[in-house]
Amino acid sequence: MSDVMIAFSTVFTPLNFLLLACGVFGGIMIGALPGLTSTMGVALLLPITYGMKPESGIVMLLGIYCGAIYGGSISACLLNTPGTPASAATTLDGHPMAKRGEGARALTISTISSACGGLISGILLILIAPVIAKFALKFSATEFFALAVFGLSIIVSISNKSIAKGLGAGFLGLLLATVGLDDITGALRFTFGNSSLTTGFELIPAMIGLFAISQVFLRIENNARGEVVEQKKYSVIPTKSDLKTIATTATWSGVLGAFIGAIPGTGGDIAAFVSYNIAKRTSRNPEEYGTGCPRGIAASEAANNGTTGGTLIPLLTLAVPGDSTTAVLLGAFTLQGLQAGPTLFTQHADLVNTIFVGFMVANVLMLILGLVLMRFYVKALNVANWFITPAILILCVVGSFAINKSYFDVIVMFAFGILGYFLTKMKVPVSPIVLAFILGPLAEKNFRRALLISRGKYTVFFTRPLTVILFVLAIISLLLPTLKPLIDRAREKRKAKQ
Amino acid sequence: MKKRDLIYSILMLAVGVFAFIYSGQYNNVLGLGSGSTGGGLFPRMASGGLIVTSLIILVNALRGKSDQEEKESIKWNDFLITLGIIIAYYLLLKPVGFIPTSALVTGILMYKLGCRKWWVIVIYSIIMPTIIFCIFYYGMYVSLPLGILKDIIPKY
């Protein structure tokens, strides 16, 4: 108990608390800007932590991490542009809710859910980190492939009315994700002699293009005279009804996010889509999803912030980063002369406790800042189109350019923007393309890796229990939209007979 | 509209068929004989899926089934103007620089979107890109192109 009190007193020193608060605020701003990711934010500010004490620097970086993952939901809800890949699933219900005048409500729900997911993952981190780490390390190539397939089965969930169009978009996304250098054979696929395509299409410019640039085209087309949707007022404190609606979803999504985050190589984007799919599949009213359903926002946001604690589990216990941001955080440990892993708990127990407490406080600060600043964010929806559309365009260009300082990424962004515009006009959903972009490479790499390890024997995919479970979940997820109406009809017939 | 579904499905079918045939060359790179681990496997699976789904949409379109409930026409004038703006933005970005190009694009878009107060257009076109430039260039060390202002803007 005294260790916990010491950790609290360390976090709440004026300097450390100020750094943590600035980290959370800065992270929220970074996450809200399309093109800037939590990884970028942490990487940019890592060097300034060199002169700080370990507890100050690492806690500040954690604040940026938590804030950035949440911050992506702001632009996802208000502008239909995910600020980070982790918020791509939030656009599915966040933006429709904002479009009908409930932007403040969407942001409040996302803030509460993000904080809930983060706090739950923090509790799991503190209580059972070694257990979860052991489970996460059981994941081999076959489990990663099965997880990716399960994730891709979500495409059916987010296909709206036409499953064929949604699946087609998913296959198009898978195809576009194969452009570039093949990791295993070294073949250059679909580059047509263009050296810029050697690394393929970057996810962030493609995502910005599909969501944001297509919106620029649509805003110019549809809203030439600056019409705005009137936003309903919503209290900073969420209503009891909304809290009751999202409580269960946010809780289990946070747990799911923590477990997925603990698996190295996954991240908030995968967790958000998986959680969204499960929420929709298990809902009594799945048709509400995609129209501005509170549980849809809660599932996505709780899961993506749930990964923030989850990714720290393998980092702290085994020195294995859970995602790209924690890979940079590992650099922070090295910069401070620390060795992450089991010895950290014995040799620097006080620092570990400070990290735990700092993480929890970061999520509380994120909740407070998010709710307080929410009314300012929502004002973005009330400003004239001529004010916001040019800003979106310019931020998209900067965001795409900033990743690799590459003009080619700007072209990619514009090309995907034009594609996104036409797909929207054809009533083809663009989210499946992004989902396939994220999961396609994971699926392909691990599928081929598994076959290489097993020397071409496909039975390797059916001999590991966890792999089989994930495949079964994927099949259920794919077949449920077709089977559910049949099951409901059979139930009604039975009721009518009785 | 089923006409739009028809066009979309034919285009995607063409993309799928092209990708399927083109990816045949990747299967046996470095002598990894069986297609199960060749570089062409996933492109072929993806393009095969694209072909199948495009055929489904095509058949539905020919049978008169469509999920498009209302007319969503493409305003070609607006589309071409926006396309022209983004092409010009890209072409001018490096030689002219981020701030002047962004200011020009902002001004054009503001006018296109209905702002008619010239002083508002001028002030916002200059201030907004400048603020964004300062945040990213000085705050995050993103080396945005300076262009014609390279001798005026102090480097970070």
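In this predicted model, Arg116(B) lies over the face of Tyr111(B), 4.0 Å from the ring centre. Here a charge counts as sitting over a ring if NZ of Lys or CZ of Arg is within 6 Å of the ring centre and within 35 degrees of the ring normal. Arg44(B) is likewise placed over the face of Phe20(B), at 4.5 Å from the ring centre.

Turning to ring pairs, the structure holds 35 aromatic pairs over all chains. The centres of the Phe447(A) and Phe461(A) rings are 5.2 Å apart with planes at 10°, so this pair is stacked (Phe, Tyr and Trp rings, the latter by its six-membered ring, pair with centres within 6.5 Å; planes under 30 degrees apart are stacked, over 60 edge-to-face, the rest tilted). The pair links distant parts of the chain, 14 residues apart: Phe447(A) belongs to helix 18 (residues 431-453) of chain A, and Phe461(A) to the loop between helix 18 and helix 19 (465-497). Helices are DSSP runs of H or I, at least four residues, numbered from the N terminus. Both Phe447(A) and Phe461(A) are buried, meaning under 20% relative accessible area with a 1.4 Å probe, protein chains only. Ring pairs also join them in a cluster whose members include Tyr458(A) and Phe42(B).

Not counting residues up to four places away in sequence, Phe98(B) touches residues including Ile394(A), Val398(A) and Phe133(B), contact being heavy atoms within 4.5 Å.

Residues are numbered from 1 along each chain as its sequence is written, and chains are lettered from A and ligands numbered from 1 in the order in which they are written. Local features need pLDDT of at least 70, side-chain atom pairs count only at pLDDT 80 or more, totals for chains, interfaces and linings use all residues, and side-chain values use heavy atoms, leaving out hydrogens and water.

How values were computed. Helix = DSSP H or I, 4+ residues; strand = E, 2+ residues; numbered from the N terminus. Buried < 20%, exposed > 50% of the residue type's maximum accessible area, 1.4 Å probe, protein only.
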